[in-house]
Amino acid sequence: MDKIESFKINHNTLKEGIYISRVDGDVITYDLRTRKPNQGDFMDNVTMHSVEHMFATYIRNSKISDSVLYFGPMGCQTGVYLLGKGVEKEVVLEEVIKTLKKIIEHDGEVFGNTQLECGNYKTLDLQKAKIECERYLNVLSNKVNDFKYEE
């Protein structure tokens, strides 16, 4: 059986950043790697869930809203996936940075924080989302983002 593409990346040397994980026709999967894999420093469920609610809402209300197909956490708890269609990678990076800043500056409730809107609404914490987004914004602001996995 063939390995899926993401399993072919050496996760022992993978660093935080933004990468193009795969291209399927005109759909691009972006790997928003917020943490180094296999270091024992993983996102807890509340952080992942809170980032998901905030980021998904803001990115689906951004300049690239019509291009966003999916946003969600990685099971390994070291990042999130953003799937987009028909938009340049530089524009995606620009909107990811804007979205992170909006979350950090957000004053109010976590989006979708009620029982009617979410299947596990009690596990949301805006402060945890802000801390994670600030951490990731710092990563993106302090490196060259060429979207390529380092070999």
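A residue is called buried if its relative accessible area is under 20%, exposed if over 50%, and partly exposed in between, computed with a 1.4 Å probe on protein chains only. The model is predicted, so local features need a pLDDT of at least 70 and side-chain atom pairs count only at pLDDT 80 or more, while totals for chains, interfaces and linings use all residues. Residues are numbered from 1 along each chain as its sequence is written, and side-chain values use heavy atoms, with hydrogens and water left out.

**First stop: the sheet**

Helices (H or I, at least four residues) and strands (E, at least two) are DSSP runs, numbered from the N terminus. Two strands pair if DSSP finds at least two bridges between them.

Select E2 and E4 (residues 79-85), which are joined by 7 bridges. Here Asp 31 has Tyr 81 as its bridge partner, and Thr 29 has Leu 83. Next select E3 together with E4, an antiparallel pair with 5 bridges. Pro 73 is partnered by Val 80 in E4. E3 and E4 form a hairpin with 5 residues between them, and Gln 77 in the turn has a positive phi of about 65 degrees.

**Second stop: helix H1**

Select residues 45-59, the 15 residues of H1, which reach 21 Å from first C-alpha to last, close to the 21 Å expected at 1.5 Å a residue. The expected span is 1.5 Å times one less than the number of residues. At the start of H1, a side-chain oxygen of Asp 44 comes to within 3.0 Å of the backbone nitrogen of Val 46.

The buried residues of H1 pack against E2 (27-33), E3 (68-73), H2 (89-105) and H3 (126-141), where contact means heavy atoms within 4.5 Å.

**Third stop: aromatic rings**

Rings of Phe, Tyr and Trp (its six-membered ring) pair if their centres lie within 6.5 Å; planes under 30 degrees apart count as stacked, over 60 as edge-to-face and the rest as tilted. The structure holds 4 aromatic pairs. Select Phe 55 and Phe 71, which form a stacked pair, 4.4 Å centre to centre with 15 degrees between the planes. Phe 55 lies in H1 and Phe 71 in E3, so the pair ties together parts that are 16 residues apart in sequence. Both Phe 55 and Phe 71 are buried.

Then select Tyr 58 and Phe 111, an edge-to-face pair with 5.1 Å between centres and 75 degrees between planes. Tyr 58 is in H1 and Phe 111 in the loop between H2 and H3, 53 residues apart. Tyr 58 is buried at 18% relative accessible area, whereas Phe 111, at 25%, counts as partly exposed.

**Last stop: positive phi**

Most residues other than glycine have a negative phi. Select Asn 38, whose phi is positive, about 60 degrees, in the loop between E2 and H1. Finally, select Phe 147 in the segment after H3. Its phi is near 70 degrees, and Phe 147 counts as buried because its relative accessibility is 5%.

Key
Polar contact = N/O pair within 3.5 Å; in protein donor to acceptor, adjacent residues only side chain to side chain.
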